[in-house]
Amino acid sequence: MAKPLNPVVREAVQETYLEYDTPADQIVASHDSATCFADSVNSRLPDNLKMTVTKCNSLTLSLRKKGEDKGGLPKLRGGHGPSTRPSAN
């Protein structure tokens, strides 16, 4: 039986995912974007919970497939990423 996901890890992935405003499949599609995303997630985690890029990709896709209503990630239609996200002004 799989271990339940640590809530600190779930929150770090969720916050980063919403900040990126980019669908999960686009995040994991390139090594550069996946690495940047994993680095952002890891910056929110204590040292003992840091993840590899592969683990972060797997978890991000798994949480996206789970769906927001079941504690996973929402479906995003954005694709702007953190550096080009339009301002709310």
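So, which helices do the buried residues of α4 pack against? Keep in mind that this is a predicted model. The answer is α1, α2 and α3.

Let's stay with α4 for a moment. This helix has 14 residues, and from its first C-alpha to its last it reaches 20 Å, close to the 20 Å expected at 1.5 Å a residue. Its buried residues are Cys56, Asn57, Leu59, Thr60 and Leu63. If you look at the spacing there, remember that an α-helix has 3.6 residues a turn, so residues three or four places apart point the same way. Just after α4 comes Gly67, with a positive phi of about 90 degrees.

Nonpolar side chains in soluble globular proteins tend to be buried together. Here, the largest nonpolar core has 18 residues, and the members touching the most others are Val9, Val13, Tyr17, Phe37, Val41, Leu45 and Met51. Two or more residues come from each of α1 (7-20), α2 (24-27), α3 (31-42) and α4 (53-66). The largest share is from α1, which puts in 5 residues.

Leaving out residues up to four places away in sequence, what does Val41 touch? You get Ala12, Val13, Thr16, Met51 and Cys56.

Now the aromatics. There is 1 aromatic pair in the structure. The rings belong to Tyr20 and Phe37: their centres are 5.2 Å apart and their planes sit at 85 degrees, so we call the pair edge-to-face. Tyr20 is in helix α1 and Phe37 in helix α3, so the pair ties together parts 17 residues apart in sequence. Are these two buried or exposed? Tyr20 counts as buried, at 6% relative accessibility, and Phe37 is buried too, at 0%.

Last bit: charges. The whole structure has 2 salt bridges. One joins Glu15 and Arg44, with the closest N and O atoms 3.0 Å apart. That pair links distant parts of the chain, since Glu15 is in helix α1 and Arg44 is in the loop between α3 and α4, 29 residues apart. Arg44 also meets Glu19 in a salt bridge, at 2.6 Å from N to O. Glu19 is in helix α1 while Arg44 is in that loop between α3 and α4, so this pair ties together parts 25 residues apart in sequence. Put together, Glu15, Glu19 and Arg44 make a network of salt bridges.

And how accessible are they? Glu15 is partly exposed at 36%, Arg44 is partly exposed at 31%, and Glu19 is partly exposed at 37%.

Technical notes. Residues numbered from 1 in each chain as written. Predicted model: local features only at pLDDT ≥ 70, side-chain atom pairs only at ≥ 80, totals over all residues. Heavy atoms only, no water. Core = buried A, V, L, I, M, F, W, Y, C linked by side-chain atoms within 4.5 Å. Buried < 20%, exposed > 50% of the residue type's maximum accessible area, 1.4 Å probe, protein only. Helix = DSSP H or I, 4+ residues; strand = E, 2+ residues; numbered from the N terminus. Contact = heavy atoms within 4.5 Å. Expected span 1.5 Å × (residues − 1). Phe/Tyr/Trp six-rings, centres within 6.5 Å; stacked < 30°, edge-to-face > 60°. Salt bridge = Lys/Arg side-chain N within 4 Å of Asp/Glu carboxyl O.
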